[in-house]
Amino acid sequence: MIAALGLLLGILAGLVFAPDVPLGLEPYLPIAVVAALDAVFGGLRAFLDGIFDDKVFVVSFVSNVVIAAAIVFLGDKLGVGGQLTTGVVVVLGIRIFSNAPAIRRHLFHA
């Protein structure tokens with residue numbers, strides 16, 4: 001409940017204040033969003049499975065974003081940022097789409 005409320009407040013704050021992303025951080029924003037969505041879908045699945053832990057969710061959320069951004073940053077420094085960005089999006093996308101059927105099964109009891 002607290003996580004959902006925090007997510008809602010964060011979205012509302014972003015819409016109201018419309019923060020500007022510094023130019024140097026723009027390449028990392030899409031990766032951070034995908035990593036955050038992976039944590040949210042994983043948390044929702046854990047909640048529906050009855051094993052949700054808010055501490056695990058927060059650690060997963062923060063670590064997903066930091067690790068994904070670090071991988072892309074390292075790729076930028078090595079000159080292969082585009083390839084590593086694609087790799088991170090693919091891996092996190094697979095995780096998101098593997099959680100989606102489990103969530104659907106819980107919601108529709110199929």
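Just after helix α4, His-109 takes a positive phi of about 50°. Helices here (H or I, at least four residues) are DSSP runs, numbered from the N terminus. The model is predicted: local features need pLDDT of at least 70, side-chain atom pairs count only at pLDDT 80 or more, and totals for chains, interfaces and linings use all residues. Residues are numbered from 1 along each chain as its sequence is written, and side-chain values use heavy atoms, with hydrogens and water left out.

A positive phi also occurs at Ala-18, a residue other than glycine, where the value is near 40°. Ala-18 sits in the loop between α1 and α2. Helix α1 covers residues 2-17 and includes Leu-8. Leu-8 has a relative accessible area of 47%, so this residue is partly exposed. The cut-offs are under 20% relative accessible area for buried and over 50% for exposed, with partly exposed in between (1.4 Å probe, protein chains only). Leu-8 and Gly-43 are 35 residues apart along the chain. Their C-alpha atoms are separated by 15 Å.

Helix α4 (residues 81-108) has 28 residues. At 1.5 Å a residue, α4 should span 40 Å, and its end C-alpha atoms are 40 Å apart, which agrees. The expected span is defined as 1.5 Å times one less than the number of residues. Buried positions in α4 are Gly-81, Val-88, Leu-92, Gly-93, Ile-96, Asn-99, Ala-100, Ala-102 and Ile-103. These buried residues pack against α2 (29-49) and α3. Contact means heavy atoms within 4.5 Å.

Two packed helices are described by the angle between their axes and the distance between the axes. For α2 and α4, the angle is about 25° and the axes are 9 Å apart. The pair is therefore roughly parallel. That class takes angles under 35 degrees; over 145 is roughly antiparallel, 65 to 115 roughly perpendicular, and the rest oblique. Axes are lines fitted to C-alpha atoms, for helices over the stretch in contact, and angles run from 0 to 180 degrees between N-to-C directions. The crossing of α2 past α4 is left-handed, a term for a near helix turned anticlockwise from the far one by less than a right angle. On the α2 side, the contact includes Ile-31, Val-34, Leu-37, Phe-41 and Leu-48. On the α4 side, it includes Val-88, Leu-92, Ile-96, Asn-99 and Ile-103.

Asn-99 of α4 has a relative accessible area of 10% and is buried. Asn-99 touches Asp-38, Phe-41, Gly-42 and Arg-45, not counting residues up to four places away in sequence.

A pair of aromatic rings is described by the distance of the centres and the angle of the planes. Rings of Phe, Tyr and Trp (its six-membered ring) pair if their centres lie within 6.5 Å; planes under 30 degrees apart count as stacked, over 60 as edge-to-face and the rest as tilted. The count comes to three aromatic pairs. Phe-52 and Phe-57 form a tilted pair, 5.8 Å centre to centre, with 45° between the planes. Phe-57 and Phe-61 form a tilted pair at 5.9 Å, again with 45° between the planes. Phe-57 and Phe-61 are four residues apart in helix α3 (residues 54-78), so about one helical turn separates them. Phe-57 is buried at 15% relative accessibility. Phe-52 is partly exposed at 32%, and Phe-61 is partly exposed at 29%. Ring pairs link Phe-52, Phe-57 and Phe-61 into a cluster.

Note on methods: Helix = DSSP H or I, 4+ residues; strand = E, 2+ residues; numbered from the N terminus.
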